[in-house]
Amino acid sequence: MTVPARDDLPFDDLTDFENADRGFIAALDPPVITDAEAQIVYDGNAYAFLDEDCPDTAHPSLWRQSQLCARHGLYEVTEGVYQVRGLDLSNMTLVEGKHGVIVIDPLISAECAAAALGLYHEHRGSRPVTGLVYTHSHVDHFGGARGVVAHGSESGLPVLAPEGFLEHAVSESVFAGNAMLRRSAFMYGSRLPRAPRGQIGTGLGTITSTGTVTLIAPNVDITRTGQEETVDGVRFVFQLTPGTEAPAEMNFLLPEQRALCVAENASHTLHNVLTLRGAPVRDAHVWARYLDETIDVFGDTYDVAFASHHWPIWGRANVVRFLGEQRDLYAYLHDQTLRMLNRGLTGTEIAEELLLPPALERAWHARGYYGSVSHNVKAVYQRYMGWYDGNPAHLWEHPPVELGRRYVELAGGQTETLVKARAYIDAGDLRFAATLLNHLVFADPSNNAAKDTLAGVYERLGYGAENGTWRNAYLTAALELRAGTADIPVDTTSPELTSALTVSMLLDSLAVRIEGPRAWNEHLTLDLVVIDEQRRHRVNLHNGALTHRAMPVHHTPKPHADLTLTLTRPELLGVVTGRGLAGIESDGDTTVLARLLSYVSEPDKAFPIVTP
């Protein structure tokens, strides 16, 4: 990753600091949030060290961004529109209506959302929550819902979200959720100390909270651009932006307040086309096109723009310039990657060659604090070309352990490999030193000298990284090489998310956990008659693969199932989580269920990443 010299960036431009402080009303004192067991789920005090000058263990540009992200409290955006920032990774926005307050994006966890709402109540009065809006389908924008709307009080409450929200919100946390969560520990640096030599932020915010993840299902779908909804007397005009930063996402205008919400489609950072934790590759071309549409659709109807992260921008001309540069950023990355791949360059080669235009290179909001030019270019390449770069040498390479053993053999053995790696370190080639040492560690993970030397390389790479997630990944790798793995501190697959799974999604979640080789010789058929859906689901386990199809409830396919269960969707959830068949109507061989569930494996929440 190219790291610019300090003099190449406009550090004397303090506009972002002025905007981040504008409208400040009060801070949560202390900014420490705990759960029902008095365990800390978010600690804003841990970032007090950012008040100091940048040390030599951090990139000055990332330090500046972290200082901005660590600001916390209740802020006025414009009359009737407020934000609580810095009490989780994301922002919670509150819009005052006729009878209460509408909450937009209630953070990750219920505890943080409750604290944010409490801070608002303390300074704006105890207004009831009269509406809930989710701008998109990522957990940091809905997980705290129960912190602002208690169980049993959601009756009649409008909950607005873009079309497809529920499916994407739930599926991302379930299907590949364990692997994503494990990699998130590297991306967000959750195991690292909050310190100048540790985690100083993520570029998008400080860090993810570790409280209770919840979900209240939407009851008002936003299905088209231009759709208007009035909530508690407040008029919303929506722009649907699917396939941008999230598969289900939307911007909206508050016409009377002349305020534009751009969700997470435009941030004070280059965002991710593909996150380091993993996700479907986003479409940078569509992303740019929707930002262009935002500029056009809303015209001159706003005076301020705010988002789900970072701080607002005031003045329409400033907003248009910001949105235009963000548009050009994603369009340039997309188009130039395609131009260069059509010249025959691979994703890795393009990432080394592609440079941003000078105007974008010097724009603070286009810096790679969260996404990076390097890994975004590779993501664009992956979207169009896949993992294979066309060179048959890369078509059938050995896996990491076998590859590592052969590299070490070529280098003259473990001792000689370590000597050569240290020579690359002394020459300042940390990137190849990391590659070589990684091969040595995978060839022999008991070689503590190799692990410690590689950890030192990762630390130096982390301290020099402008990108917050790269820094966290490098420093977490160093920590795990020295201290081993640890359980993931938070699980986003909460009961409310799981209960929101459709029957098909629930069965898919079982299918991806079937231990195929053990089930090769099993053949069973299960029918699920789901009363509240009035659907029959035929489930087959054959050749180690679990498949299923839905049909009308009265249709009975041939051959007859080995077991038929008649039950509700909540009862089905209980059945597949091991609560048994008590009270469930069954017909056939009830051992079929136990046989099926016996092949379902549990994921390893602390699988190794930087060792075999």
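In what follows, Ala, Val, Leu, Ile, Met, Phe, Trp, Tyr, Cys and Pro count as nonpolar, Asp, Glu, Lys and Arg as charged, and the others, Gly among them, as polar. Keep in mind, too, that you're looking at a predicted model.

The model holds three cavities of 30 Å³ or more. The largest cavity takes in about 140 Å³, and 16 residues line it; Cys-69, Arg-71, Arg-85, Asn-91 and His-310 are the ones closest to its centre. Sort that lining by type and you get eight nonpolar residues, five polar and three charged.

Now move to the second largest cavity, with a volume of about 50 Å³. Its lining has nine nonpolar residues and two polar ones, with no charged residue in the set. If you want to find the spot on screen, look for Val-262, Ala-266, Ser-267 and His-268, then Ala-305, Phe-306 and Ala-307, and finally Trp-311, Pro-312, Ile-313 and Phe-322.

Pro-31 sits in the loop that runs between strand S1 (24–26) and strand S2 (32–34). Is Pro-31 buried or exposed? Its relative accessibility is 3%, so Pro-31 counts as buried, since the cut-off for buried is under 20%.

What does Pro-31 touch, leaving aside residues up to four places away in sequence? The contacts are Tyr-42, Asp-43, Gly-44, Asn-45, His-72 and Leu-87. Take Asp-43 from that list: Pro-31 and Asp-43 are twelve residues apart in sequence, and their C-alpha atoms lie 6.2 Å apart in space.

Technical notes:
Residues numbered from 1 in each chain as written. Predicted model: local features only at pLDDT ≥ 70, side-chain atom pairs only at ≥ 80, totals over all residues. Heavy atoms only, no water. 1 Å grid on protein atoms, 1.4 Å probe; cavity = no way out; pocket = protein on both sides within 12 Å on 5 of 7 lines; lining within 4 Å. Points joined across faces, edges and corners; volume = space filled by probe spheres on them. Helix = DSSP H or I, 4+ residues; strand = E, 2+ residues; numbered from the N terminus. Buried < 20%, exposed > 50% of the residue type's maximum accessible area, 1.4 Å probe, protein only. Contact = heavy atoms within 4.5 Å.
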